[in-house]
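Subject: Structure handover

Hi,

Here is the structure I promised you. Please open it and keep it on screen while you read.

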Amino acid sequence: MIKIIAAIGLDRSMGLRGKKSKLPWKKGEFKGDLERFRNETNEQVVIMGRRTWDSLGRKVLPNRVSCVVSKSLSKTNIPGFFGDLESAIDWAQKNHSDRDIYIIGGENLFRDGQRFAQEIDLTILPYKGYEHYDVSSLIYFPSVSKNFKKYRSFTHPNNPELRILKYEL
């Protein structure tokens with residue numbers, strides 16, 4: 001199954017633009033979010049854009065098969081790098097058919113990935129990016145396609161401040 005997974009603020013903010021792309025909130029600020037991400041994606045395939053990979057220190061995530069989508073880096077013939085999302089998904093489905101595929105960012109992959117995904121898993125954080133940063137410096141999660149229907153909404157078991165929304169086709 002192909003899934004999109006993301007943590008976003010109440011205003012749908014999810015990152016900061018610029019050379020040092022990063023989350024707008026402090027690491028560990030929202031207890032349980034990263035742990036949930038690790039548990040959901042552990043032993044699965046994760047597909048990310050180049051800026052997301054940069055924000056992770058250009059490292060692969062442990063215990064996952066990592067794919068990076070980048071038009072420029074895909075020309076280097078480095079294993080795990082693909083020129084477009086569809087090629088990364090095709091490779092993952094052929095080589096890891098027993099695993100789920102998670103699209104983990106960034107903005108363009110979240111938008112484009114909705115045509116491939118069967119599920120969207122959003123963690124809503126009690127955070128409003130515009131209260132901390134200039135709106136033009138924020139990256140926002142795209143609107144969820146009308147093809148998806150919300151089928152589950154619940155609070156995080158270890159942090160009632162976090163709300164989980166799940167959408168499916």
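Below is what turned up, topic by topic. Please keep in mind that this is a predicted model.

Salt bridges

How many salt bridges does a search of the whole structure find? The search finds 9.

Start with Asp54. Its side chain meets that of Arg50 in a salt bridge, at 2.2 Å from N to O. Both residues lie in helix 2, which covers residues 50-55. They are 4 residues apart, about one turn of the helix. Asp54 also forms a salt bridge with Arg58. There the closest N and O atoms are 2.8 Å apart.

Asp54 has 25%, so Asp54 is partly exposed. Arg50 has 28%, so Arg50 is partly exposed too. Arg58 is also partly exposed, with a relative accessible area of 47%.

Now look at Lys166 and Glu119. Their side chains meet in a salt bridge of 3.7 Å, N to O. Lys166 lies in strand 10 (residues 159-168), and Glu119 lies in strand 7 (residues 119-125), so the pair ties together parts that are 47 residues apart in sequence. Lys166 counts as buried, at 9% relative accessibility. Glu119 is buried as well, with a relative accessible area of 9%.

This pair belongs to a network of salt bridges. The linked residues are Lys3, Arg36, Asp100, Glu119, Asp121 and Lys166.

Helix 3

Next, find helix 3, residues 85-95. Which of its residues are buried? Leu85, Ala88, Ile89 and Ala92 are. They cover an arc of only 95 degrees around the axis, so they sit on the same side of helix 3.

What do the buried residues of helix 3 pack against? Among their partners are strand 1 (2-9), strand 3 (45-49) and strand 4 (65-69). Strand 5 (81-82), strand 6 (101-105) and helix 4 (107-113) are partners too.

Check the N-terminal end of helix 3 as well. Asp84 caps it. A side-chain oxygen of Asp84 lies 3.2 Å from the backbone nitrogen of Glu86.

Thr41

Thr41 is in helix 1. Its relative accessibility is 0%, so Thr41 counts as buried. The side chains of Thr41 and Arg64 are joined by a polar contact of 2.7 Å. Which residues does Thr41 touch, leaving out those up to four places away in sequence? Thr41 touches Ile5, Val46, Arg64 and Tyr102.

The largest pocket

Finally, turn to the largest pocket. It holds about 1500 Å³ of space. Its lining has 48 residues. Nearest its centre lie Thr52, Ser55, Leu56, Ile104 and Gly105.

Which elements each supply at least two residues of the lining? Strand 1, strand 2 (13-16) and strand 6 do. Helix 1 (33-41), helix 2, helix 3 and helix 4 do as well.

That is the handover. Then move on to the pocket.

Best wishes

Note on methods. Residues are numbered from 1 along each chain as its sequence is written. This is a predicted model: local features need pLDDT of at least 70, side-chain atom pairs count only at pLDDT 80 or more; totals for chains, interfaces and linings use all residues. Side-chain values use heavy atoms; hydrogens and water are left out. A salt bridge is a side-chain nitrogen of Lys or Arg within 4 Å of a carboxyl oxygen of Asp or Glu. Buried means under 20% relative accessible area, exposed over 50%, partly exposed in between (1.4 Å probe, protein chains only). The arc is that of the directions from the helix axis to the C-beta atoms. Contact means heavy atoms within 4.5 Å. A polar contact is a pair of N or O atoms within 3.5 Å; within protein, one must be able to donate a hydrogen and the other to accept it, and residues adjacent in sequence count only if both atoms are side-chain atoms. On a 1 Å grid over the protein atoms alone, a cavity is a set of points where a 1.4 Å probe fits but cannot get out, and a pocket is an open set with protein on both sides within 12 Å along at least five of seven lines; lining residues have an atom within 4 Å of a point. Grid points are joined across faces, edges and corners, and a volume is the space filled by probe spheres set on the points.
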